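The sequence and the model are shown first.

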Amino acid sequence: MPSIIDLDHVTVSFGDLTAVSDVLIKVEKGDVYGIVGYSGAGKSTLVRTINLLQQPTSGTVTVAGTPLFKDGQPQLAGAALQEKRRTIGMIFQHFNLLNEVTVIENVAFALKHSKLDDDAIEAKCTRLLDLVGLADKADNYPIQLSGGEQQRVAIARALANDPEILISDEATSALDPQNTNQILDLLKRLNKELGLTIILITHEMDAVKKVANKIAVMEHGHVVEQGDLKEVYLRPQAELTRQFVGGSLAAADTLKAFHLGQLGENEQLYQVVFSAQTVTKSIILELYKQVGVDVSMLYGNIEVLGDEPVGTMFILVTGSADQQARVEKLLASYQVEVTKVDGGILA
């Protein structure tokens, strides 16, 4: 399937500082593509190259088959660039609403250059507010709304020009968990109902796990890992990705709280990440029955990626070197991702 967004060797530099370095990302139509990383990773700078709010230093940016930046130069400018930008909606962390006008007028603001007449604009804005669940708030002012409701207004405004792409730049970071989940559910519904391609910029892995089907992990301006969400989650390659997925950080905090100390003789700690739909046997019981080792589960958790449950376990196995080798072979036969863990996680 052809890409709707193609970032080809995109670099963004500010003098001696390189904020984005040689990034290659392809997004297909209908994807919910999560770009995750800590603050300062270059996520927002990268995503602003998609509509040339940030001009790259080098590389190629192509959106829906149209080159926007190539050979060191913008390919669109003026009215042509503005028209292209209308196909790319954006929502931000702080909503950016106009406090002195009503909710419906905030949505209508995005249509000020539209050829629609006033009645058509009002009808369209009413439909959009109904779509985001705020039909009854049309005449309210932003200050009268909760943070989650204000973000819904921002989403309705971003949809006013019927975009093909919606960019969410840390749009849930200022919201409490309940409102965050409601906004993520709304984005997922818009993706399915409108066929909207969504780019989700966040430092919160939980947001990506809830709605995305693909992911890129950024660190210091580089994409260190990318691909299908399930594949990256089950088989993370980069150390930063391992911190974001598989429950590693939560597990480390939990295990340290027990003050278990270092590993003893013939002990090995394993992190096991598995698809709960494909692993049907009791892993711990099978290790005991088939290898004869003592196994203790120190940590366990199951999360849902999209609609699929994925589990994480940390198990402590006591046995000889030969038995440990057999354990690893048996675990591999269950199509799970197995990582030997340094015993320092227990200290």
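Strand S3 (residues 32-36) pairs with S9 in the parallel sense over five bridges, two strands being counted as paired if DSSP finds at least two bridges between them. Within this pair, Val-36 stands opposite Thr-202 of S9. Strands (E, at least two residues) and helices (H or I, at least four) are DSSP runs numbered from the N terminus. The model is predicted: local features need pLDDT of at least 70, side-chain atom pairs count only at pLDDT 80 or more, and totals for chains, interfaces and linings use all residues. Residues are numbered from 1 along each chain as its sequence is written, and side-chain values use heavy atoms, with hydrogens and water left out.

S3 belongs to an open sheet of six strands with mixed pairing, in the order S7-S8-S9-S3-S10-S11. Its edge strands, S7 and strand S11 (222-228), each pair on one side only. From one strand to the next the twist averages 15 degrees; angles run from 0 to 180 degrees between N-to-C directions, and axes are lines fitted to C-alpha atoms, for helices over the stretch in contact. Helix H6 (residues 177-194) lies across S3, S7, S8 and S9 and runs at about 155 degrees to S9.

| Strand pair | Sense | Bridges |
|---|---|---|
| S7 and S8 | parallel | five bridges |
| S8 and S9 (residues 197-202) | parallel | five bridges |
| S12 (residues 267-275) and S14 (residues 308-318) | antiparallel | nine bridges |

Leu-166 of S8 is the bridge partner of Gly-89, and Leu-166 in turn has Ile-198 in S9 as its bridge partner. Strand S8 (residues 165-169) is mostly covered, with five of its five residues buried (under 20% relative accessible area with a 1.4 Å probe, protein chains only; exposed is over 50%, partly exposed in between). In a regular strand the side chains alternate between the two faces of the sheet. On S8, Ile-165, Ile-167 and Asp-169 are buried on one side, and Leu-166 and Ser-168 are buried on the other.

A further open sheet has four strands in the order S13-S14-S12-S15, paired antiparallel. Strand S13 (294-305) and strand S15 (337-341) stand at the edges with a single partner strand each, so one side of each has no neighbour in the sheet. The twist here averages 20 degrees from one strand to the next. Helix H12 (residues 321-333) packs on this sheet and touches S12, S14 and S15, its direction making about 5 degrees with that of S12; contact means heavy atoms within 4.5 Å.

The largest pocket has a volume of about 620 Å³. A pocket is an open set of points on a 1 Å grid over the protein atoms alone where a 1.4 Å probe fits, with protein on both sides within 12 Å along at least five of seven lines; lining residues have an atom within 4 Å of a point. Of the 18 lining residues, the closest to the centre are Arg-85, Arg-86, Ile-88, Ala-110 and Asn-161. Helix H2 (78-85), strand S7 (88-92) and helix H5 (147-158) each supply at least two lining residues, and the largest share, four residues, comes from S7.

Val-101 is found in the loop between S7 and helix H3 (103-109). Its C-alpha atom is separated by 6.3 Å from that of Tyr-141, 40 residues apart along the chain.

Definitions and conventions
Grid points are joined across faces, edges and corners, and a volume is the space filled by probe spheres set on the points.
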